[in-house]
Amino acid sequence: MTDLASIEPMLKVETLGLRFRNPLILAAGILGLTAPILKRVIESGAGGVVTKSIGLKPRKGHPNPTVVDLGFGLLNSMGLPNPGLEEFMKELETLRGLEAPIILSIYAFSEDELVEIGRIVSDFNVVSAVELNVSCPHVDGISEIAKNPVLVESYVQTLKRHLDKPVIVKLSPNVSDIVRIAEAAVDGGADALTAINTVRAMSIDIEVGRPVLAGIFGGLSGPAIRPIAVRCVYEITESLNVPVFGCGGIETAHDVIEFLMAGATAVQLGSVIARGGLRVFKRILKGLRDFLEERGYSSIDEVRGLAHRR
Amino acid sequence: MSTNINFRRIVKLVRVVEENPRVKTFWFKDALCSKAKPGQFIMVWIIGVDEIPLSLSTIGDLCSVTVAKVGDATEAMHRLKPDDLIGVRGPYGNGFKIVKGRVAVVAGGVGLATLLPLVDKLKDYGCWIEVFLGFRSKHDVFQLARVERAVRPNGAVMIATDDGSIGFKGLVSELFETHLKRSKPSYDVVYTCGPPAMIRRVYELCEAWNLKIQASLEAYMKCGIGICGSCCIGPYRVCKDGPVFSAPQLRKMPELGLYKRGPDGVKIPV
C-alpha cells in the first residue's frame with residue numbers, strides 16, 4: 001500500500017467534510033451486503049464505499065435470474081435485497097477505524113420510514129454519510145420517486161430534518177430532465193448528488209421467448225451507459241454548484257478523467273468488478289497517476305470541470 | 001459461438017437419470033462446460049422458475065449436473081424430461097487444484113457430485129485415492145460404481161451412513177476421524193464437499209492433523225460473477241474467489257458451518 005500512499009496527494013478528494021484518499025468509491029449495490037467484503041474492497045484500494053441499499057425491514061429481492069451479462073453491460077433486477085437496517089448496523093459495527101469513509105445507501109417506501117431511518121442512523125458513527133436511493137429502476141414504490149421533483153424535494157427535506165449527516169441523493173437517468181430533479185434534491189437540502197443509477201431496460205431470450213430476467217425489467221449498467229452518465233454529470237454541474245459523484249460504466253482511468261472533466265467531484269465503480277475483479281481499484285489508480293504525470297497536472301483538482309470551459 | 005462464459009446458452013436435456021428417489025442427473029451438451037475444470041459450477045436457469053448454482057458432475061463431450069430435491073427450484077428441475085430446455089452460463093469459480101500423490105476425498109451426500117469430475121481426473125494423474133462417502137442410508141448412495149472404478153486398484157472407498165444400513169454407522173467426518181486415528185495416513189491433500197457442518201468438521205480435523213485441505217463451499221447465489229455480494233463468507237465470494245477454498249482462507253470464515261445467509265443477507269443458523 002506504500003505505492004498508494006505516495007500517490008494520495010494527487011488523488012485525494014475533500015468534500016462533504018469528509019476525506020477520501022482517492023476518487024474511486026464502490027457504488028451502491030455492489031458487494032456491500034457484509035462487513036468483511038467491504039473491508040476487503042477498502043484494502044483493495046477504494047477511496048470510499050457505498051453499502052447495499054438498506055431499508056427498515058429485511059427484503060429478499062426478486063427471484064433469479066437477477067443479473068444478466070449482455071456483453072456491453074449488465075442488466076440486473078436484484079430488487080433491493082437487504083437484511084434490514086437493524087441487522088445491517090450490527091454488521092457495519094465491525095468496520096470502525098478504516099481509512100475510507102463508509103456511505104450507507106438507504107431506501108424508503110414512505111417519508112415515515114425516512115424519519116425512522118434518520119433517527120436510527122444519526123447516532124451511528126461508523127457511517128460518514130447517507131446516499132438516498134430514490135432511483136432503483138426495478139422496485140415499484142422506489143423508481144417513481146426520482147421522476148417526481150415534488151416528491152424528491154420532500155423526501156430529502158424529511159431525511160435532512162431527522163438525520164445529522166451529509167445526504168447524497170442518487171438520481172435516475174430515466175427522467176426527461178435530470179437537472180430539474182437535481183434542483184429539487186438541492187432545494188430539499190441535499191449535500192451532494194450521485195449520477196446516475198441504472199437505466200431501466202429489458203432483454204428477451206429469443207430461444208425461449210421470455211424476458212431474460214425473472215423481474216422482467218431491470219437496470220442497465222456498464223460501458224453501454226457511460227455516455228449517458230457523463231452527459232447527466234455535465235448537465236447538472238453546468239447548472240448547479242453541488243458536488244456530484246459520477247457513476248456509470250467506468251472501467252479505466254481515462255473513464256474517470258472523463259467524469260472529472262464533466263464536473264464530477266469523485267466517481268463510483270460497480271459493474272467493472274465483474275470483469276476486472278477487485279484489482280481494478282489499484283489498476284485505475286495507477287492509470288490516474290500516469291495520466292496526471294504525463295500531462296503535467298499536479299492533482300485531479302486541476303482536471304475537474306475542464307470540459308465546461310467556453 | 002461466443003466465448004463469453006457469462007452469455008446464457010439454452011441447451012436441450014439429452015438424458016435424465018434417476019440416481020435415487022431424491023437425486024437425479026441431467027445430461028446436456030455445451031462446448032464451454034465441456035472445457036470446465038473439476039469443481040467449477042454453472043448457473044442453471046430452470047426456465048420460468050429460478051436460476052441456481054450447480055457443480056458439474058461430469059465434464060466431457062456430454063456434461064451433467066446432479067441435483068437433490070431440496071426446494072422449489074430443484075423440485076421443478078426434477079420434473080424436467082429429456083428434450084426439455086434449460087439455460088446455462090459459466091463455468092464459474094476456481095475449481096480444484098490437482099495434487100499428485102496420496103489424496104483423501106471426503107464427500108457428504110450430494111456433495112459427492114462436485115467431487116466426481118475430480119476423482120476421474122485424479123485417476124488420470126495416477127494418484128492414490130482414498131474416498132470417504134457419507135449418506136443418510138443405503139437408499140441414498142449414488143454413483144458408487146463410478147467412484148470405485150476410479151480408485152481401483154490405487155485406493156479405497158469407505159462408506160458411512162447415518163443409520164448404518166451400509167458401511168460405518170455414523171457421520172462421514174467420524175469415519176474419516178476414525179481412519180486418521182487408526183491408520184495415521186499422510187495425505188498430500190484432503191478434498192471435501194458436503195453440508196457446511198460436515199465441511200467444518202473435516203476442516204477442523206485437517207487443522208488438527210496438519211493436512212492440506214481444498215473444500216468446496218456452497219452459498220445462496222444471485223449473480224455468479226462476483227458483484228452482488230450474496231454469497232460472501234468472510235471476506236470471500238464463493239462464486240468468484242471459490243467455490244474451492246484452502247485452509248488459510250477457511251481460517252478467515254468464522255461463520256463456516258455455523259450459519260449461512262439467505263437471499264436477504266440475514267444470518268440463518270445451520
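**Exercise 1. Find the side chain that A:Asn76 pairs with through a polar contact, and describe the surroundings of A:Asn76.**

Step 1. Start with the pairing: the side chains of A:Asn76 and A:His138 make a polar contact at 3.2 Å. A polar contact here is a pair of N or O atoms within 3.5 Å; within protein, one must be able to donate a hydrogen and the other to accept it, and residues adjacent in sequence count only if both atoms are side-chain atoms. Keep in mind that this is a predicted model, where local features need pLDDT of at least 70, side-chain atom pairs count only at pLDDT 80 or more, and totals for chains, interfaces and linings use all residues. As for bookkeeping, residues are numbered from 1 along each chain as its sequence is written, chains are lettered from A and ligands numbered from 1 in the order in which they are written, and side-chain values use heavy atoms, with hydrogens and water left out.

Step 2. Now place the residue: A:Asn76 sits in strand 6 (residues 74-76) of chain A. Helices (H or I, at least four residues) and strands (E, at least two) are DSSP runs, numbered from the N terminus.

Step 3. Check the accessibility: A:Asn76 counts as buried because its relative accessibility is 16%. Buried means under 20% relative accessible area, exposed over 50%, and partly exposed in between (1.4 Å probe, protein chains only).

Step 4. Look around. Not counting residues up to four places away in sequence, A:Asn76 touches A:Thr66, A:Val67, A:His138, A:Thr198, A:Leu213, A:Gly218 and A:Gly219. Contact means heavy atoms within 4.5 Å.

**Exercise 2. Work out how helix 7 and helix 8 of chain A are arranged.**

Step 1. Take helix 7 (residues 226-239) and helix 8 (residues 253-262) of chain A: their axes come within 8 Å and cross at roughly 25 degrees. The axes are lines fitted to C-alpha atoms, for helices over the stretch in contact, and angles run from 0 to 180 degrees between N-to-C directions.

Step 2. Pick out who meets whom. From helix 7 of chain A come A:Arg226, A:Ala229, A:Val230, A:Val233, A:Tyr234 and A:Thr237, and they meet A:Asp255, A:Glu258, A:Phe259 and A:Ala262 in helix 8 of chain A.

Step 3. Sort by class: the contact between helix 7 and helix 8 of chain A has six nonpolar, one polar and three charged residues. (Ala, Val, Leu, Ile, Met, Phe, Trp, Tyr, Cys and Pro count as nonpolar, Asp, Glu, Lys and Arg as charged, and the others, Gly among them, as polar.)

**Exercise 3. Say how enclosed helix 8 of chain A is, and inspect both of its ends.**

Step 1. Helix 8 of chain A is largely enclosed by the rest of the structure, because seven of its ten residues are buried.

Step 2. Those buried residues are A:Ala253, A:Asp255, A:Val256, A:Ile257, A:Phe259, A:Leu260 and A:Ala262.

Step 3. What covers them includes helix 7, helix 10 (280-294) and strand 16 (266-269) of chain A.

Step 4. At the start of helix 8 of chain A, a side-chain oxygen of A:Thr252 comes to within 3.3 Å of the backbone nitrogen of A:His254. Just after helix 8 of chain A, A:Gly263 has a positive phi of about 120 degrees.

**Exercise 4. Trace what the side chain of B:Gln40 reaches.**

Step 1. B:Gln40 is in the loop between strand 3 (23-28) and strand 4 (41-46) of chain B, and with 10% relative accessibility B:Gln40 counts as buried.

Step 2. A polar atom of the B:Gln40 side chain lies 2.8 Å from the backbone nitrogen of B:Lys37. The backbone oxygen of B:Gly93 also lies 2.8 Å from a polar atom of that side chain.

Step 3. Beyond four places in sequence, the contacts of B:Gln40 include B:Ser55, B:Leu56 and B:Pro91.
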